[in-house]
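Trainee: I would like to go through this structure step by step. Please start with the pocket and then turn to the charged pairs.

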Amino acid sequence: MKSPLVLLDLDYTAGAFELVLVNCGTAPAYDVRVRFSRELTGIGGSQVISELPLWKRLSMLRPGKEIRVFLDSAPNVFRSRSNRRFSASVEWRDHDGAKHDATYQHDLDAYRDMPEIVSRQ
């Protein structure tokens with residue numbers, strides 16, 4: 001049976017954090033909503049990422065589709081005194097209208113002091 005499975009993941013690449021909303025399932029997810037346990041500010045504190053319309057107004061997320069949202073650079077995240085732990089509660093509906101939900105825990109401090117590849121040119 002085909003069904004959607006929506007995840008809110010965190011990606012850390014080349015010293016930058018991104019939030020990744022993805023449908024890992026085999027069917028479209030409808031009325032996708034994400035609620036964060038706390039306010040997430042990004043881009044050096046200049047934008048409230050957790051209040052983007054994307055998290056409240058996404059009508060459909062097809063199977064395999066991922067949406068990446070830049071959160072901030074690692075130096076900005078670790079310089080901040082705010083709590084770097086948060087959870088994201090994701091809700092969606094399947095084709096038959098049945099509701100589904102999942103909550104994902106994230107801790108940005110797990111990425112502290114990660115070695116980086118430095119290119120030499």
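**Pocket and salt bridges**

Mentor: In this predicted model, 15 residues line the largest pocket, and those nearest its centre are Thr41, Asp72, Val77, Ser80 and Ser82.

Trainee: Which elements give two or more residues to the lining of the largest pocket?

Mentor: Two elements meet that condition. They are β7, covering 66-73, and α2, covering 74-79.

Trainee: How many residues in the lining of the largest pocket are polar?

Mentor: Sort the lining by class: four residues are nonpolar and four are charged. The pocket they belong to holds about 220 Å³ of space. The polar residues in its lining number seven.

Trainee: How many salt bridges does a search of the whole structure find?

Mentor: Some of the charged residues are linked in a network of salt bridges, namely Asp11, Glu18, Glu66 and Arg68. Over the whole structure, the number of salt bridges found is nine.

Trainee: Are Glu51 and Lys56 buried, partly exposed or exposed?

Mentor: These two side chains form a salt bridge, with N to O at 2.8 Å. The relative accessibility of Glu51 is 47%, and that of Lys56 is 41%.

Trainee: Is Arg84 buried or exposed?

Mentor: Its relative accessible area is 14%. The cut-off for buried is under 20%, so Arg84 is buried.

Trainee: Which side chain meets Asp109 in a salt bridge at 3.2 Å, N to O?

Mentor: Asp109 is partly exposed, at 31% relative accessibility. The side chain it meets at 3.2 Å belongs to a residue with a relative accessible area of 33%, also partly exposed. That residue is Arg112.

Terms used: Residues are numbered from 1 along each chain as its sequence is written. This is a predicted model: local features need pLDDT of at least 70, side-chain atom pairs count only at pLDDT 80 or more; totals for chains, interfaces and linings use all residues. Side-chain values use heavy atoms; hydrogens and water are left out. On a 1 Å grid over the protein atoms alone, a cavity is a set of points where a 1.4 Å probe fits but cannot get out, and a pocket is an open set with protein on both sides within 12 Å along at least five of seven lines; lining residues have an atom within 4 Å of a point. Grid points are joined across faces, edges and corners, and a volume is the space filled by probe spheres set on the points. Helices (H or I, at least four residues) and strands (E, at least two) are DSSP runs, numbered from the N terminus. Ala, Val, Leu, Ile, Met, Phe, Trp, Tyr, Cys and Pro count as nonpolar, Asp, Glu, Lys and Arg as charged, and the others, Gly among them, as polar. A salt bridge is a side-chain nitrogen of Lys or Arg within 4 Å of a carboxyl oxygen of Asp or Glu. Buried means under 20% relative accessible area, exposed over 50%, partly exposed in between (1.4 Å probe, protein chains only).
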